[in-house]
Amino acid sequence: MEKEKVLIRLEHITKNYVNKHHNILVLDNISIDFSKQKFYLIIGHSGNGKSTLINILGLIDSKFEGNYLIYGNEVSTLNNKDLAKIRMQHVGFIFQDFYLDPYLKAIENVLVPMYINENILKESRKSKAIELLDKVGLKERINHFPRELSGGEQQRVAIARALANDPDIILADEPTGNLDSTNEKMVFEQLKKLSKDGKCVIVVSHSDLAKKYADVVYELDDHKLYEVKK
Amino acid sequence: MNLREFFKNTFIGIFRDKRKLFYVVVLLICSLIAFSILTFKNNFDMYVNETITRNIGFRTLSVSPKQDKEDLGLSELNLLEHVIDVYSFQYSSMSVESSFKNENIEGTIELLYGSPDIQPNIIMGRGFQSDDSNVAICPNIFYPDSSAYELQLDNKYTINGNSLLNNEFEVYYTESIFDTDTNTFEDGKKFSEKFKVIGVYDNTSVMNFNNQCYIMSNDIKKMVSKAGLDNIGENSYPYFDLVVDNVDNIEEVMGKIKDLGFRKVSVKNYFDSDMKKTIEVSSIIVVTILVFLTIIISSSYIKKLVINDSWKIGILKTLGYNQMKVLKKYFGEASLINIIIYFFSFLIFEIIFLFLKFIIFSSIQYIGINIRVSLFPVIVTFIIIVIIPLLTMFYNIYKYSKQNIIDLLRKSDQK
Ligand SMILES: Nc1ncnc2c1ncn2[C@@H]1O[C@H](COP(=O)(O)OP(=O)(O)O)[C@@H](O)[C@H]1O
Ligand SMILES: [Mg+2]
């Protein structure tokens, strides 16, 4: 693996959910690199800790043991503000439930992350949002509200939103869990395209279809990650 | 996000999200109520302070005489604390003809009992001094005609009081003699007196008529006696007019007079102090209710917006908004909405108010009530409609903006 292409490096990551009564071990001493221009698939049984892992990767969970380097930054040394900034610049997150603002049109949903990005000129935001929606095949639907879109279309709006600030890392937690097979295919094709464009795409999915698109498949089992030969 | 986008997005939000629209409408109504109640209360207070308390009639008591006492109780009354003057009621006023008479006005003037302690606020010239005699204080808009009592002034013939300053006028009156055989009054001798106008006062602000001039007590006593108006018959005794130094002391003085054994005491121009209390208490109650209402409304609004939809904050944070930016977005929007509500309701209130003022209030301005919007309701409403809700909301938004993303997203998964 070429060094400069590595965007994410996990070293000895261990995650326990601790509360008063329990101490649940979810991830046990995981070390792994993720690189540019690759489509990673993470599979595993429900409750094995896939979401936990991808949340750590997405910097939305920073309570874990071990070292996490993203773009050369050691996550444990970063404060909340720095983490937010890295999320804004480098990470696009896609959820199973889309999480679109129902009161905003497709284009307005895509604009939300751009408002806080000083690198995008005010004048070019709108055209950029349209371009992104065009890229996911929704050029005709930019002024539709989420309720006027199908599940697949909504997820594609969510993908466009995740791409708004042009991140290099795309994380998706069961992005097609709520979609039929036609829409599922479309979403994976989008994600594949992104990895071909040079992004590091990491997808958690149960779908068999996903394996066709993945460059590397990992299975999370018994708190550890194993590479699965395709 | 620049200011224009911020305004635009906020406005769009109000019209798309029914919860926001509902909040705006409800708070707008609260705001209008606050403006109305506080303006009413404020005007009532001003009316009491500027008019009632300056009209001497509101601090003049009518006291029944003690028939068994030689001086009818006068000396006892004079000794009481807070009592400025006591005199027989016949001396309180006297209606006379005057040299102002011409083909357009009758010249009728009403002379009122005055002294250095009993006189209205002078707006030009000077007030009474203890050794004055044959001097008068007249209205700034002077209308010596009996139609002044009906508040009907013919503006063409009103006299600018200021122009009278230091000029003399003459009054004419006739002795009336009671004929015990026929039981009628008959005219007797004719008299006249000259008065110099030394001061001018604003009669509407103290609810006096435009033909009422104050003269010194000794002058009016002399004139009433000469005219025989203080002669009220063999077995009748005159009531006393008793002037108290301050409206607030009326209750106390009345109590003391009753303690002294005078049978009847009443306020000449009765002002219902219960009404004042009722208005005071009910406006405090309404304002308190409004304060609690806006707290409840704004916290349930923000609950719906922030707590029920906490996933939105979770998503914003996922997309790279830090706590400060989340806070700015939500609180900025809430502030703008509340300020919009405030200004909009102020505008509506002001339009309704001007409309009412033009239609209704203009008719009551004659009797000294000048309704106006002052700073008091504007500030208090701002506190109720903007400051208090925003503090409530800030607390809630702050609490949720600092939660971690997973909790924020999970909370709404469960609903
Ligand atoms: N906040 C939490 N507190 C305690 N346990 C949790 C929490 N989140 C997840 N878990 C537990 O961690 C395990 C892994 O969960 P998750 O990462 O969601 O699995 P997956 O996404 O593979 O289904 C599960 O047993 C789950 O119950
Ligand atoms: Mg999961």
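Across the interface of chain B and chain A, the rule finds 3 salt bridges, a salt bridge being a side-chain nitrogen of Lys or Arg within 4 Å of a carboxyl oxygen of Asp or Glu. One of them joins the side chains of A:Arg125 and B:Glu5, at 2.7 Å from N to O.

Before going further, a word on what you are looking at: this is a predicted model, in which local features need pLDDT of at least 70, side-chain atom pairs count only at pLDDT 80 or more, and totals for chains, interfaces and linings use all residues. Residues are numbered from 1 along each chain as its sequence is written, chains are lettered from A and ligands numbered from 1 in the order in which they are written, and side-chain values use heavy atoms, with hydrogens and water left out.

**The interface**

The rule also finds 8 residue pairs in polar contact across the interface of chain B and chain A, both residues at pLDDT 80 or more. A polar contact is a pair of N or O atoms within 3.5 Å; within protein, one must be able to donate a hydrogen and the other to accept it, and residues adjacent in sequence count only if both atoms are side-chain atoms. On the side of chain B that touches chain A, the elements giving two or more residues are α1 (3-16), α8 (310-318) and α11 (405-413) of chain B (helices are DSSP runs of H or I with at least four residues, strands are runs of E with at least two, numbered from the N terminus). Of these, α8(B) gives the most, with 6 residues.

In total, 24 residues of chain B are in contact (heavy atoms within 4.5 Å) with 28 residues of chain A. The two chains bury about 2300 Å² between them, 59% of it on carbon and sulfur atoms; buried area is the accessible area (1.4 Å probe) that two parts lose on being put together, summed over both.

**The ligand site**

Residues from chains A and B surround ligand 1, so the site is shared between chains. Chain B is represented by B:Arg410, while the surrounding residues of chain A include A:Tyr17, A:His45 and A:Lys50; a residue is counted if one of its heavy atoms lies within 4 Å of the ligand.

| Residue | Polar atom | Distance to a ligand 1 oxygen |
|---|---|---|
| A:Asn48 | backbone | 3.3 Å |
| A:Gly49 | backbone | 3.0 Å |
| A:Thr52 | side chain | 2.5 Å |

Taken alone, ligand 1 exposes 560 Å², and the protein buries 65% of that (Shrake-Rupley method, 1.4 Å probe). The largest share of the shell, 3 residues, comes from α1(A).
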